[in-house]
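Subject: Structure handover

Hello,

Please find the structure below.

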Amino acid sequence: MLKTLQALFFPDDPTRETTVETRVDAAVAILLMEVARADFDVADDELEVIRRTLIDDFAMTADAADDLVRHAAAEVDDSTGLFPFVRVLNEQLDPERKRQVVETLWRVAYADAGKHHLEESIIRQIADLLYIPHSEFIRARLRAEESVPPDSGFP
């Protein structure tokens, strides 16, 4: 699995076609999984937010999204840091799209009835690496908070 994701980020075969969108969706999936795993408990609701994001934002099929979620989970296990994945987003996304990624990170954190301080810490690190101003970081958190369903158990 690691070889599959490495091929997305560091293609060594010039005949292999890796689109920008494929690289971005893999980087986003890995960062979302980092947030889901930050509190050492990956809830089904968090996985569903990740899956739904891949389907809605990247026009993936459900099977492709499930496969990428599995690959992202494996990559997070083997990862030595956030930078390679954030670099892809900094190279390929405009500031508005990066803000949307941060909001989605917050939605993953809130998916399991509330954010954990470790999830917040990871999101803050990612937002800093994406050059998101602190005011936008807070706005993204508030928008994600507002999107939490009232019956979710989150105050």
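Rings of Phe, Tyr and Trp (for Trp, its six-membered ring) pair if their centres lie within 6.5 Å; planes under 30 degrees apart count as stacked, over 60 as edge-to-face and the rest as tilted. By this rule there are two aromatic pairs. Trp-106, Tyr-110 and Phe-137 make up one aromatic cluster.

Some points on the source. This is a predicted model, in which local features need pLDDT of at least 70 and side-chain atom pairs count only at pLDDT 80 or more, while totals for chains, interfaces and linings use all residues. Residues are numbered from 1 along each chain as its sequence is written, and side-chain values use heavy atoms, with hydrogens and water left out.

The pLDDT is the predictor's confidence in each residue, from 0 to 100. The chain averages 85, and 81% of the residues score at least 70. Over residues 13-17 the pLDDT is below 50, and this stretch has one contact in the model beyond near neighbours in sequence. Contact means heavy atoms within 4.5 Å.

Now the helices. Helices (H or I, at least four residues) and strands (E, at least two) are DSSP runs, numbered from the N terminus. Axes are lines fitted to C-alpha atoms, for helices over the stretch in contact, and angles run from 0 to 180 degrees between N-to-C directions.

The axes of helix α6 (residues 95-110) and helix α8 (residues 134-146) come within 8 Å and cross at roughly 45 degrees. That makes α6 oblique to α8; angles under 35 degrees count as roughly parallel, over 145 as roughly antiparallel, 65 to 115 as roughly perpendicular and the rest as oblique. On the α6 side, the residues that meet α8 include Trp-106 and Tyr-110, and those of α8 include Phe-137.

Helix α7 (residues 117-129) also meets α8: their axes come within 10 Å and cross at roughly 135 degrees. The two are therefore oblique to each other. The contact is made by Glu-120, Ile-123, Arg-124 and Ala-127 of α7 with His-134, Phe-137 and Arg-141 of α8.

Helix α3 (residues 44-58) and helix α4 (residues 62-78) have axes that come within 9 Å and cross at roughly 125 degrees. That makes α3 oblique to α4. Leu-47, Ile-50, Arg-51, Leu-54 and Ile-55 in α3 meet Ala-62, Ala-65, Asp-66, Leu-68 and Val-69 in α4. By class, this contact has eight nonpolar, no polar and two charged residues (Ala, Val, Leu, Ile, Met, Phe, Trp, Tyr, Cys and Pro count as nonpolar, Asp, Glu, Lys and Arg as charged, and the others, Gly among them, as polar).

Regards
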